[in-house]
Amino acid sequence: MLKTFGTFVLFMRGMVTRTERFSVLWNRTIDEAILIGVDSVVIVSIVSAFIGAVTCVQIAYNLTNPLIPQSTIGYMVREMTILELAPTITSIVLAGKVGSSIAGGLGTMRITEQVSALEVMGINSTSYLVLPRIIAALLMFPLLVILAMLLSILGGYLAGTLTGVMTSQDYIEGIRMDFIPYNIVFALIKAVVFAFLVSGISSFKGYYTTGGALEVGAASTGAVTNSIIAILIADFALAALLL
């Protein structure tokens with residue numbers, strides 16, 4: 001395990017040494033940002049909207065005490081969404097979609113010797129292939145988390161009002177109740193950390209793939225599994241340190 005961690009640290013160091021020209025990195029980063037961010041908007045939107053809707057309905061189902069105001073439902077949906085559901089669930093979904101794509105792409109390039117061809121031409125393959133993916137992930141994950149926050153709260157509003165469990169006034173009053181702006185900052189910090197973990201681990205697993213097509217599939221599976229475990233560990237660590 002220590003050997004793997006050491007190899008990962010050297011992999012990260014090699015990525016930022018002898019980098020490519022800014023124009024090359026910029027173009028590569030934009031291409032990767034489209035693949036990571038824009039192509040993930042639909043799945044993130046669907047997941048976050050239904051998570052918000054289900055959260056609202058289930059809280060309303062359990063909140064039967066007449067002494068507790070209905071606006072508490074909106075308050076709980078907002079807090080759960082911002083602090084946990086939006087950053088963590090979105091990152092786990094992206095670990096499955098983006099992480100497997102990064103690992104599979106780099107693994108295929110490795111076994112078909114495209115990475116070796118870059119190195120023969122004098123190009124730092126980690127800088128050219130990995131750095132744009134990590135930068136794109138660091139930029140796009142927070143934007144997708146913000147979108148997930150908005151759609152999750154909106155999904156809770158629609159579910160609460162359309163099913164008749166609460167009025168729109170109570171829900172809006174709840175999401176405005178005792179708002180702490182730092183929670184948004186905390187969620188975005190989590191998004192940046194999760195972005196680095198998903199992109200870094202997936203790139204590492206794909207870059208060091210050896211063998212054939214079966215090994216590429218195994219690298220993709222390992223990248224998703226390790227990314228999700230890293231997200232959950234980092235989620236607990238950040239909550240303990242920053243809250």
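So, helix α9: in this predicted model, its buried residues are V216, A219, S220, G222, A223, V224, S227, A230, I231, A234, D235 and L238. What covers them? The cover includes α4 and α8. Helix α9 itself runs over residues 213–242, which makes 30 residues. From its first C-alpha to its last it reaches 42 Å, close to the 44 Å you'd expect at 1.5 Å a residue.

Okay, let's step back to the whole chain. We've got nine helices and zero strands here. If you read the elements from the N terminus on, you just say "α" over and over: α-α-α-α-α-α-α-α-α. The C-alpha trace spans about 70 × 35 × 35 Å along its principal axes. There are 243 residues, and 45% of them count as buried. And here's a number I like: take the contacts between residues at least 6 apart in sequence, and 86% of them join residues at least 24 apart.

Now, the record. UniProt, in an unreviewed entry, puts "transmembrane region" at residues 34–61, 134–159, 180–204 and 224–242. How do two of those spans look in the model? Residues 180–204 are 92% helix and 0% strand, with end C-alpha atoms 37 Å apart. Residues 224–242 are 100% helix, again with 0% strand, and there the end C-alpha atoms lie 26 Å apart.

On to helix α2. It has 15 residues, which at 1.5 Å a residue should span 21 Å, and its end C-alpha atoms are 20 Å apart, so that agrees. Which residues of α2 are buried? They are V24, L25, R28, T29, E32, A33 and I36. Look down the axis of α2 and those buried residues fall within an arc of 160 degrees, so they line one face of the helix.

E32 sits in helix α2, residues 22–36. Is E32 buried or exposed? Its relative accessibility is 7%, and the cut-off for buried is under 20%, so E32 counts as buried. Skip its neighbours within four places in sequence, and E32 is in contact with P132, R133 and A136. Then there's R28: its charged end sits over the ring of Y128, 5.0 Å from the ring's centre.

Not counting residues up to four places away in sequence, V38 touches A33 and M140. Now compare V38 with L144: they're 106 residues apart in sequence, yet 9.0 Å apart in space, C-alpha to C-alpha.

Last topic, the aromatics. How many aromatic pairs are there? The count comes to eight. One of them is F11 with F204, an edge-to-face pair, 5.8 Å centre to centre with 65 degrees between the planes. That pair links distant parts of the chain, with F11 in helix α1 (residues 2–16) and F204 in helix α8 (residues 182–207), 193 residues apart. Both F11 and F204 are buried. They also belong to one aromatic cluster, together with F8, Y207 and Y208.

Notes. Residues numbered from 1 in each chain as written. Predicted model: local features only at pLDDT ≥ 70, side-chain atom pairs only at ≥ 80, totals over all residues. Heavy atoms only, no water. Phe/Tyr/Trp six-rings, centres within 6.5 Å; stacked < 30°, edge-to-face > 60°. Helix = DSSP H or I, 4+ residues; strand = E, 2+ residues; numbered from the N terminus. Buried < 20%, exposed > 50% of the residue type's maximum accessible area, 1.4 Å probe, protein only. Lys NZ or Arg CZ within 6 Å of the ring centre and 35° of its normal. Contact = heavy atoms within 4.5 Å. UniProt positions renumbered as here; feature names shortened; annotations may be inferred. Expected span 1.5 Å × (residues − 1). Arc of directions from axis to C-beta.
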